[in-house]
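Look at the sequence and the 3D structure below before reading on.

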Amino acid sequence: MLVPIWADGATYTDPTVHAAGAEELLAHIAGIQAGHPGARITRTSDVDVHHGIARFAWRFVMPDGSSFPEGLDIAFLDPNATRITRIIGFFGPLASLTASRASSDVL
């Protein structure tokens, strides 16, 4: 399922891995599956896309129904929006700003 939508040279990066190419990503996925038999990743949001960039939330669910904190992936698409060129994954919720920091930060 991955190979037809994974662009040549595409990368996947999260806090635990940087995989270049479909073979490295498939090996990473196989390692996760071997370490957590029966676990699955379920998408917990719609896929939001604009300007060739997509994002979606997901959860890693263990066979007993327990799960890790939700994650977020950001995917970059090729100009035709038919293949993925890069995915960056984040684990867990975003940290909240402290009150003093929030008042001094401006976008």
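This is a predicted model: local features need pLDDT of at least 70, side-chain atom pairs count only at pLDDT 80 or more; totals for chains, interfaces and linings use all residues.

Residues are numbered from 1 along each chain as its sequence is written, and side-chain values use heavy atoms, with hydrogens and water left out.

The protein chain has 2 helices and 7 strands. Here helices (H or I, at least four residues) and strands (E, at least two) are DSSP runs, numbered from the N terminus. Read from that end, the order of the elements is β-β-α-β-β-β-β-β-α. The C-alpha trace spans about 45 × 40 × 25 Å along its principal axes. Of the 107 residues in the chain, 25% are buried; buried means under 20% relative accessible area, exposed over 50%, and partly exposed in between, with a 1.4 Å probe and protein chains only.

Rolling a probe the size of a water molecule over the atoms shows where empty space is left. On a 1 Å grid over the protein atoms alone, a pocket is an open set of points where a 1.4 Å probe fits, with protein on both sides within 12 Å along at least five of seven lines; lining residues have an atom within 4 Å of a point. The largest pocket has a volume of about 1000 Å³, a volume being the space filled by probe spheres set on the points. Its lining consists of 31 residues, and Y12, I29, I41, W58 and D73 lie nearest the centre. Helix α1 gives the largest share of this lining, 5 residues. Elements that each supply at least two lining residues include β1 (6–14), α1 (21–35) and β5 (53–61). By class, the lining has 22 nonpolar, 5 polar and 4 charged residues. Ala, Val, Leu, Ile, Met, Phe, Trp, Tyr, Cys and Pro count as nonpolar, Asp, Glu, Lys and Arg as charged, and the others, Gly among them, as polar.

Two residues remain. P4 sits in the segment before β1. Is P4 buried or exposed? P4 counts as exposed because its relative accessible area is 59%. A7 lies in strand β1, and A7 is buried, since its relative accessibility is 11%. Leaving out residues up to four places away in sequence, A7 touches R83, I84 and T85, where contact means heavy atoms within 4.5 Å. A7 and T82 are 75 residues apart along the chain, yet their C-alpha atoms are separated by 8.9 Å.
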